[in-house]
Each structure stands twice: as structure tokens, then as C-alpha cells.
Amino acid sequence: MNRTPMHILSLQDLLAAGWFLFAWFGFNLLIDLSPLRKHTLSAAMESYRRAWMETMTTRQVRIMDTAIMTGLQQGTAFFASTALLAIGGCFTLLDATDTILKVAGDLSIPIDQSRALWEIKVLGLMLILAYAFFKFGWAYRLFNYSSIIMGSVPEASHAGSEDILRIARQAAELNVLAGGHFNRGQRAFFFAIAFLGWFAGPIFFGVTTLAVLIVLLRRQFASRSRSTVLSGHHLSEPVTDKDGEYTETGSSNPFT
């Protein structure tokens, strides 16, 4: 009689997997939906995204804006391609299960020798990577939509300020949505690293999950990058009373 996955997994495996899911989805809820989200690095960057689109309307030459958008799209495409390559690598792991288990046993590497359990772990890793790919793919599409709406923002000589700001804010909201999906895809990558700990055993799995969770929490709430972003947060308010060409330039990190 074939054993079900619940019989293959030990109590420690189930507890470690439950802790992993709680940490991952709990972190997403904390960053995206909880009242604390307004204090996160991601929320601060959303304000800068909106300010960017509104400031863009004051510039007659928008080459810098298109260059930033190109960087956002290229970075998203890179991660989407990486997710596909990683999924392909997981298929290779499934095909070479017996060989890997034999080599691990010869080298005394702490890997469970159960073929069924190994395949469950690989399939779980593939699901995480597939989720990341869908997030990156949709983020790329949303960045495309945002860039198209950016291109439709008229100059001040061709439309009223209210119409210009309305279209720019539409582009900004799509940009914020795209950034949110990109962030979720990156989180999936980070937690995929934590998931790799399961291959060394449930205890190590729990430890790697905790380590990744601590790193992500620190980045959102207590990192130097957050302090730097918030130190100039008041400057992200859009300037709408300037006339003529706005030629101030700056740099932007597309991977927020």
C-alpha cells in the first residue's frame, strides 16, 4: 500500500513546515495589510513612486523617467527568468534523486534518505519558485502598463493641470501595484532559501526560516536603508507649482 504524504512526514517535519508557512504568510500580512505597514520601507518607497510620477509632469524632457522605468522592467524580467531557471533545476533534482541520495550518503551529508520525502521537498520548492515567477511576470506586465500610461501624460501646453495629474496618478498607482507584486516575488525567493534548510532536516529548516524572517523584518523596520529613505521622506512630496522645464536629476534603485 502506498504511503500518503502525511505518513511520510514526521511530526517534526509537519511542525517545521507549519512554522515556515506561518512565517511567510504572516510576514506578508504584516507588511501588506497590518497597521504597521505604514512604517515599512516598502510603504515609504510607495510614496516616492507617487511623487516621481507627479514630478514627472513638471519635466518637458522625460528621458530620465523612461530610463528608470526601463531599469524596473529589466530587473523584474531578470528575476522572472531566474525563477524559470530554478524551476528547471528542480526538475533535474527530481530526475537525479537516487544519485543525489547515494552521494549524500557516501559523504555523510545530513540529508534524509527517503526518496518520497526528498521528492516532496523538491516539489514544495518548485511551488514556491512558481509562485515567485507568477508574481514577477505580473509585475513586469504592470510596469508595462504604467509605462504606457506615462507616455500618455500630456505636456502642460496641451492639457490642464488637473487632467495631467489625474493621468500621472493612474501611472503611479500601477507602478505601486507592480512594485508590490515584485516585492512578493522577492520574498518568495528569500523564503525559498529558508526552505532549502529542510533538505538538511526539520530542525535546521526551522532555524533557517527564523533567520530569513529576522533579516526581512530588520530590512523593513530597522535597516539603514529605511532610515535613509525616511530621512528625505518629506522631500518626496510632489512639487506642482513650478513652471517650465524641471531639470533636477537624481538616482533611483529599482529593486525596492
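Here are some notes on how this chain packs, starting with what kind of model it is.

1. Ground rules. This is a predicted model, where local features need pLDDT of at least 70, side-chain atom pairs count only at pLDDT 80 or more, and totals for chains, interfaces and linings use all residues. Residues are numbered from 1 along each chain as its sequence is written, and side-chain values use heavy atoms, with hydrogens and water left out.

2. The main core. Start with the largest nonpolar core, which has 37 residues. A nonpolar core here is a set of buried Ala, Val, Leu, Ile, Met, Phe, Trp, Tyr and Cys residues joined through side-chain atoms within 4.5 Å. Buried means under 20% relative accessible area, exposed over 50%, and partly exposed in between, using a 1.4 Å probe and protein chains only. F20, F191 and F195 have the most contacts inside this core. At least two residues each come from helix 2 (11-32), helix 4, helix 6 (115-151), helix 7 (161-195) and helix 8 (202-221); helices are DSSP runs (H or I, at least four residues), as strands are (E, at least two), numbered from the N terminus. Helix 6 gives the most, with ten residues.

3. A second core. There is also a separate core of 17 residues, with I68, V153, I164 and A178 among them.

4. F191 up close. Have a look at F191 in helix 7. Its relative accessibility is 0%, so F191 counts as buried. What does F191 touch, not counting residues up to four places away in sequence? The list is F20, A23, W24, F27, V212, L213 and L216, where contact means heavy atoms within 4.5 Å.

5. Aromatic rings. The count comes to 21 aromatic pairs. Rings of Phe, Tyr and Trp (its six-membered ring) pair if their centres lie within 6.5 Å; planes under 30 degrees apart count as stacked, over 60 as edge-to-face and the rest as tilted. F195 and W198 have ring centres 5.5 Å apart and planes at 90 degrees, so they are edge-to-face. W198 and F205, with centres 5.2 Å apart and planes at 15 degrees, are stacked. F195 is buried at 5% relative accessibility, and W198 is buried at 4%. Ring pairs also link F20, W24, F25, F27, Y131, F191, F195, W198 and F205 into a cluster.

6. A charge over a ring. R219 lies over the face of F190, 5.3 Å from the ring centre. The rule asks for NZ of Lys or CZ of Arg within 6 Å of the ring centre and within 35 degrees of the ring normal.

7. Helix 3 against helix 4. The axes of helix 3 (residues 41-56) and helix 4 (residues 63-95) come within 11 Å and cross at roughly 145 degrees. Axes are lines fitted to C-alpha atoms, for helices over the stretch in contact, with angles from 0 to 180 degrees between N-to-C directions. R49, W52 and M56 of helix 3 meet D65, I68, M69 and L72 of helix 4.

8. S42 lies in helix 3 and is buried, with a relative accessible area of 10%. Leaving out residues up to four places away in sequence, S42 touches I31, N183, R187 and Q220. G201 sits in the loop between helix 7 and helix 8 and counts as buried at 14% relative accessibility. The C-alpha atoms of G201 and Q12 are separated by 8.9 Å, though the two are 189 residues apart along the chain.
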